Every structure is written in C-alpha cells, then in structure tokens.
Amino acid sequence: MGFTRGFQGRRRRPDDERLPPGQYDTGADWPVLTAEATPHLATADWTFTVDGLVEQQATWTWDEIHALPRSTFDGDIHCVTTWSKLGVTFAGVSVDTLLAAARPLPSATYVLARSHTGYTTNLPLADVTGGKAWVVWDFEGQPLEVAHGGPARLLVPHLYFWKSAKWVSGLKLLDHDEAGFWERNGYHDRGDPWREERYQGD
Amino acid sequence: MTDQPSAPSVAAPPAPPSVAASPMPRTGGWQQATVVGIRPETANAKTFRLALTEPRPHLAGQHYVVRLTAPDGYRASRSYSIASPPDDSGQIELTIERLEDGEVSSFLHDDLMVGDRLEVRGPIGGWFVWDGQTPAILVGGGSGVVPLMAMLRLARRSERSELVRLVVSARSPGDLYYAAELPGPETTIVYTRAAPPSWPRPPGHLNALDLPSPLTPGATAYVCGSSGFADAATALLTDAGVAVDHIRVERFGPSG
C-alpha cells in the first residue's frame, strides 16, 4: 500500500528475531488490559476443573494443583495490541499433566477455557497439548499479581495473549470450536502472532 | 485517545443480552484514509478527522488501528478509539494523546498534515460499545473520555441524552478534552489537580459523590482510563451498587 509520508520509525530492532510481525518490545513494562473489574480471588476458594468430553472430570484445589509436577516456561509473550514481552519466566503446571488426569475422549478436538469472571476463550486441543500450555501462578519467581491474572492464569505463549485467560477456572473439552469472549467480539479464532491472526478474517 | 490498546489481552464476563443483541459491524481490511482535518483538544491531544476510502458503519466505543509504514517496509501500528458518533459521513475522528516516548503518536502529532494518507483498519471491538438505546453510566479519566465522547455525541444527536450520564476526570482545565462541547446537564467534570476559579468542587480524585445520583437501575457502566483509574472507578461503582457484570472496562497504558 506504499509508505507513510515522513515516517521512519524509531523503535525498530531489526536483529530481534523474537518479535513477530507488527509487534514491539515493551521492555520492562507489562501493560494491564482487561475488559472488566479485576476480581480478587482467595486461593482458599480457588479451583480448576477439566470437564466436557473427558473420561473423568477432574477438579483441583489450590493446594492440590501445587502438588502436581511443577513446569516452567521461559520465553516470549505477544499481545494483539502489538506489545511483546521478551524473555519472561512463568511457573505452574503443564496443561498436559491436567489433561492426563481427566483423560480426554478421542472425540475431543477443541477446548473452551473459562475464568472465574465468566471470561472465555477457545483453542484447538492441539494448541494446549504437547508442552505448549500451562496453568501458571508464578511470574519471575514471585506470585502472579492479580492484575495479571493471579492467583493463576492460563499460559499459551505461542498464541496472542488474550488466549492466556486470566483468573482461569477450567477447561472444557469439546468436539467443535465454540467462540470465546473476544472471538465473538471481532478477534481471530486462533490468534497466531507469527501469522498476524489478529481479527476475524485475518 | 492515548496509544491505548483498546483490545484487552484477556478477560471479561459474557455480554448482557441488551448489548449482545446489537449487531457488530464487521472489521474491514486495511484501507487508505485521507486526513481532512486536525484540531488540538489540549496541549498534548489532537483530533484527526479521516475520510475513509471504504466507509464502514461503526458503533460508539469501537476503535481503529492506524498503521505507519517506513520506506524500507518497517511498520508500527496502534489502536485509537473513535471519538465521532456513528453517522453516514464516511469520515471518522480519532483523538490521540501525544506520548513522549510514543513512536506512533509522536509521528501523528508532529509530522502528519491535512492531505496526508494514512493506513487504517476497523472498526474493531464488540464489547466496549453502546447501542444508543439503553441507560449508560460513562466514567472516563484523561484521554479515556474519547470512546465515551462518541457515546455522548450519539446520545445528544439522537435526542436520547436522558439515557447517559458522563463523569470525566481531568487533571486541570487545560487537560480537559472537548472542553467547549462536553459540558451539559448530563455531564460532570471532576478536576483532580487544579480547578477553574469558583469551581464548586475542590480538586481531588474521583469519589462517590461525583457519581450520578440516583444511579439508573440496570444501567451499564463504561469505564475508560488508565489501569489505576479504571480500578478506582470500578470500586466506586460497585460500592454504589452497580453489579460487576454491568461494568465494562477499557484500560490503556503507555504502549507507545
């Protein structure tokens, strides 16, 4: 479409191959972007449930999920609003571990993640299995702040960050794709930052 | 407004039926827009009026993405709320705060001129929108007033002002957007640092007494501002009896 008269760009870092197209490095900042009131959830009341097309619905309390094998993610996160945060560390439990306990039925092909707030987001099952997704409660060795989804959030770092539901409460296994909150409101169903799948139709 | 990412990265309750029922205009692809007007709102905010080559209907509260491309192909894009109400002019207005470190906002403020072409995409967002038919409480801080202004303008234009109450928080009179247009029986202006002479309310942060009273039962609240402002305003609204699932929030931070 041609270039914008007079625009040179100042923030470019051509060497950084970690930045997907159209993203910039937010550095130490971590913008807080949520569409609702921030909920304050006591860990004593917190639960996480895997249900839907599973052999055995499974629910963990805060203490129970902490007793599962710990898993860590080191890498980058990318928000659809064009910021990326590079070289971050989260810790929690792998979604693989949680699904192994519930045993998805062969017909399960998608998941709908949900939050204690009512927020939802949809993902292909293949995007949350094979070491690609976590439920995390630690950020850089500290408890995850409530503004960033604490006490625990979903982490699916290879997709835009709205898929990483804050204040996550469970996963429902489905045999079809069911649009979540932002996906119903104009955003892409999958959200791969490397393909710039930002909005419906991309 | 500011370089605000109108698209929250995560989280929100399901839409109440009243607004979910309104059809959301489809987001178009990238298109060229021509800058047909630029006017200052404050010392660091300007409104840019853009003529679209492919006009698309929008809802009050939606946003557009502006994308800048350098001669070597480098690109930077940011989301900006639409300040103009839905109309059939084929034009939209974006009010944009100049952030000191803002790669996009500083270019738009310092270099963009009437007649320039700009690549835009929208309208975007189906959550922070008002249908113009239902009672709404609008609470904005600083540049957070921009999407709420589209709602106020829609209400006034359609002679439904009784549906909306707008509370705007600004640091000082010089920081108030739309200063000539905004005052009216349905609006309250709160100054946090400095008020005009003889202003009835002493400067200070938004408090419970600044909210409309009584609050319309069942009204949807739209809160827009910095994360700190959004949290404070949301707390005031819930304390005043507004249900959490009737509060829609749009936060922005310095994202350049």
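User: How many of the six residues of β11(B) are buried?

Analyst: In this predicted model, the residues of β11(B) point to opposite sides of the strand, with I247(B), V249(B) and R251(B) facing one way and R248(B), E250(B) and F252(B) the other, and all are buried. Strand β11(B) is therefore largely enclosed by the rest of the structure, and the number of its six residues that are buried is six.

User: Which strand of chain B pairs with β11(B) in the parallel sense, and what is the handedness of the crossover between them?

Analyst: The parallel partner of β11(B) is β10 (residues 220-226) of chain B, and the pairing runs over six bridges. Within this pair, G225(B) stands opposite R251(B).

User: Which strands lie at the edges of the six-stranded open sheet of chain B?

Analyst: The sheet has antiparallel pairing and the strand order β4-β3-β6-β1-β2-β5. Its neighbouring strands are turned by 40° against each other on average, direction ignored. The strands that pair on one side only, and hence stand at the edges, are β4 (75-81) and β5 (91-97) of chain B.

User: Which residue of β5(B) is the bridge partner of K46(B)?

Analyst: Strand β2 (residues 45-52) of chain B and β5(B) are paired in the antiparallel sense over seven bridges. In β5(B), the residue that partners K46(B) is I96(B).

User: Which strands are included in what covers the buried residues of α2(B)?

Analyst: The buried residues in question are E103(B), V104(B), S105(B), F107(B) and L108(B), which belong to α2(B). What covers them includes, from chain B, the strands β2, β3, β4 and β5.

User: How many nonpolar residues are on the side of chain B that touches chain A?

Analyst: The contact between the chains involves 48 residues of chain B and 48 residues of chain A. Elements that each supply at least two residues to the chain B side include α2 (103-110), α4 (227-239) and β11 (247-252). By class, that side of chain B has ten charged and 14 polar residues, while the number of nonpolar residues is 24.

User: Is E64(A) buried or exposed?

Analyst: Residue E64(A) is placed in helix α1 (residues 62-66) of chain A, and its C-alpha atom is separated by 9.2 Å from that of T47(A), which is 17 residues apart along the chain. Because 12 other C-beta atoms lie within 10 Å, and a count of 12 or fewer is the cut-off, E64(A) is exposed.

Note on methods. Residues numbered from 1 in each chain as written. Chains lettered and ligands numbered in written order. Predicted model: local features only at pLDDT ≥ 70, side-chain atom pairs only at ≥ 80, totals over all residues. Pairing = 2+ DSSP bridges. Helix = DSSP H or I, 4+ residues; strand = E, 2+ residues; numbered from the N terminus. Axes fitted to C-alpha atoms, helices over the stretch in contact; angles between N-to-C directions. Contact = placed C-beta atoms within 7 Å. Nonpolar A, V, L, I, M, F, W, Y, C, P; charged D, E, K, R; others polar. Buried ≥ 20, exposed ≤ 12 C-beta atoms within 10 Å, placed from the backbone.
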